Amino acid sequence: MAKLSAWRQYKALLAKDVRQELRTREMLVSMGVYAVLVLTVYGAALAQVGDRLQVVSFAAGLLWALIVFTSLLGLNRSFGRETETGCLDGILLAPVDRAVVFLAKATTNLLFLLIVEVVVVPLFFLFFLSGAELAPTTPLIALPLLVGTVGVAGMGTLLSTMTINTRGKDVLLAILFIPVVFPLLYACVSATGVAFMGVEGTFGTFWTSCGIAFGYDIVMIAAAWGLYEFVVSA
Amino acid sequence: MTAEGGLRGGAVLAVEVDGLVKQFGNRRALDGASFSLEQGAFLSIFGPNGAGKTTLLRILATLSRPTRGTVRLLGVDALEEPERLRSQIGLISHKSMLYGDLTAYENLAFFSSLYDGAPNRARIDELLRIVELDHRRNDCVRTFSRGMQQRLSIARALVNDPALVLLDEPYSGLDPHAVELFDELIGRVRTERPDRTFVMVSHDLEKGFRMCSHALILARGQVVVMAEKNRVRRDAFRDLYLATVGMGVA
């Protein structure tokens, strides 16, 4: 009965966020526009070096920098609606397990980040990799992208909850977020790089990196799940 | 869940607070506050800025934990079993706690789902009628005036039919007409369920005193006085309040 109730509460929380976003498109549009601006900056920077550089060799780093910066913008906004008129208190007043609140918000963030990635990653390929010779293993980047985005959404949800009531929360979130997700980023950049390059004999690194990223997701999301009650009542 | 309150001289107690201390770093927001309140009573808490009123209300709402002390609400230990109490508490704040991009109905349906698993349509329809917003049920809350939002906020706080209603500066930002409507609505809500207990924090001595059955002055985190309204004269209470603030106790 309790599980059924928690499942319904989870669905209600998720549906509320999705309905608001469909009505305003605030988060998706702002993240999308920001991502395109970052791509424009990349374009300006890389235009100066002409054909002397092989973009494929560092495309993984560029792609993950784009994802992290775009995520930060979205994560900062994800609690904006909850705090603007005190709605988070309204949710916490209800008999809802705090872990359910975390899971619903993390799922919303994951969903929105994945939607933005579906648009932005092809744009990245179009702008920077359209003339490059891509390895046949390139489609494998989907795996580190998915595993990495799960971790970014999970940890980002916990950290943005911690910073919502602080002064300078935008900066504080970035200061906390980047060091905390660094192991995940490192693993994902490594796996994405291997997939882009497609050098034979390096696929052990791909799977090891994906494994590390997956392990990070499990450990950090479990920790966030457990800590959420403490974080929201602090 | 049915929660039974404690007893004091045959009366059922809805709120029992003892030795409440809340420390924020070096600042002590509550410093040993103690009081109790019978079920069905309306308590107005007065005090200057920084007296600890909102901190006290957040602890009663189970949104914050005290550093020390005990809190029993409706006979349940609020620190040990807050989840048992949450379905029995409603909070009306100066913040509407409503989503501007959802309609009036969607807001109530969302909060109702958190309590009942699914929207309680009959209760939502009834509440929209009580707060006279039935005709705007499908309009986004962002388009509502402050007064209308506060009326819908009352409906939101009552969606779970709570036994204890907490009000945090509910008059903030309301024009005189909206204040009148708000008082009328609270009166109607009190009649709807006479055993419902209210605790209101207010800066406004006149309005707060008019609404209450019990009045409390909080200063520097301590209860300076708590009295039944019919046992004190309004002027005497007002003088006591001003003296408390003026003497620097607050």
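Axes here are lines fitted to C-alpha atoms, for helices over the stretch in contact, and angles run from 0 to 180 degrees between N-to-C directions. Helices (H or I, at least four residues) and strands (E, at least two) are DSSP runs, numbered from the N terminus. This is a predicted model, where local features need pLDDT of at least 70, side-chain atom pairs count only at pLDDT 80 or more, and totals for chains, interfaces and linings use all residues. Residues are numbered from 1 along each chain as its sequence is written, while chains are lettered from A and ligands numbered from 1 in the order in which they are written.

Chain A to begin with. Take helix 8 (residues 169-197) and helix 9 (residues 203-233). Their axes come within 8 Å and cross at roughly 150 degrees. That makes helix 8 of chain A roughly antiparallel to helix 9 of chain A. On the cut-offs: under 35 degrees is roughly parallel, over 145 roughly antiparallel, 65 to 115 roughly perpendicular, and the rest oblique. The crossing of these two helices is left-handed. Left-handed means that the near helix is turned anticlockwise from the far one by less than a right angle; clockwise is right-handed.

Who touches whom? Residues are in contact if their C-beta atoms, placed from the backbone, lie within 7 Å. Helix 8 of chain A brings residues including A:Pro183, A:Leu184, A:Ala187 and A:Cys188. Helix 9 of chain A answers with residues including A:Phe203, A:Phe206, A:Ile212 and A:Tyr216. By class, this contact of helix 8 with helix 9 has 13 nonpolar, 3 polar and no charged residues. The classes: Ala, Val, Leu, Ile, Met, Phe, Trp, Tyr, Cys and Pro are nonpolar, Asp, Glu, Lys and Arg are charged, and the others, Gly among them, are polar.

Next pair. In chain A, the axes of helix 3 (residues 59-78) and helix 7 (residues 142-163) come within 9 Å, crossing at roughly 45 degrees. Helix 3 and helix 7 of chain A are therefore oblique to each other. Helix 3 of chain A passes helix 7 of chain A in a right-handed crossing. From helix 3 of chain A come A:Ser71, A:Leu75, A:Asn76 and A:Ser78; from helix 7 of chain A, A:Val152, A:Gly156 and A:Ser160. That contact of helix 3 with helix 7 counts 2 nonpolar, 5 polar and no charged residues.

Now the two chains together. The contact takes 22 residues from chain A and 27 from chain B. On the chain B side, strand 7 (89-93) and helix 3 (104-116) are the elements that give two or more residues. Helix 3 of chain B gives the largest share, 6 residues. By class, the side of chain B that touches chain A has 13 nonpolar, 7 polar and 7 charged residues.

Helix 3 of chain B also packs on helix 5 of chain B, at about 25 degrees, with axes 9 Å apart. The two are therefore roughly parallel to each other. Their crossing is right-handed. B:Ala104, B:Asn107, B:Leu108 and B:Phe111 of helix 3 meet B:Leu152, B:Ala155 and B:Arg156 of helix 5. That contact in chain B divides into 5 nonpolar, 1 polar and 1 charged.

On to the core. A nonpolar core is a set of buried Ala, Val, Leu, Ile, Met, Phe, Trp, Tyr and Cys residues joined through C-beta atoms within 7 Å. Buried means 20 or more other C-beta atoms within 10 Å, exposed 12 or fewer, and partly exposed in between, with C-beta atoms placed from the backbone. Which residues have the most contacts inside the largest core? They are B:Leu43, B:Leu60 and B:Leu166, in a core of 129 residues. Helix 8 of chain A supplies the largest share of this core, 12 residues. Beyond four places in sequence, B:Leu166 touches B:Leu57, B:Leu60, B:Ala61, B:Ile89, B:Leu91 and B:Val199.

Last, some loops of chain B. Most residues other than glycine have a negative phi. B:Met97 is not a glycine, yet has a positive phi of about 55 degrees. B:Met97 lies between strand 7 and helix 3 of chain B. B:Met97 is buried, with 23 other C-beta atoms within 10 Å. B:Glu132, also not a glycine, has a positive phi of about 55 degrees. B:Glu132 sits in the loop between helix 4 (121-130) and helix 5 (146-158) of chain B. B:Glu132 counts as partly exposed, with 13 C-beta neighbours inside 10 Å.

Key: Contact = placed C-beta atoms within 7 Å.
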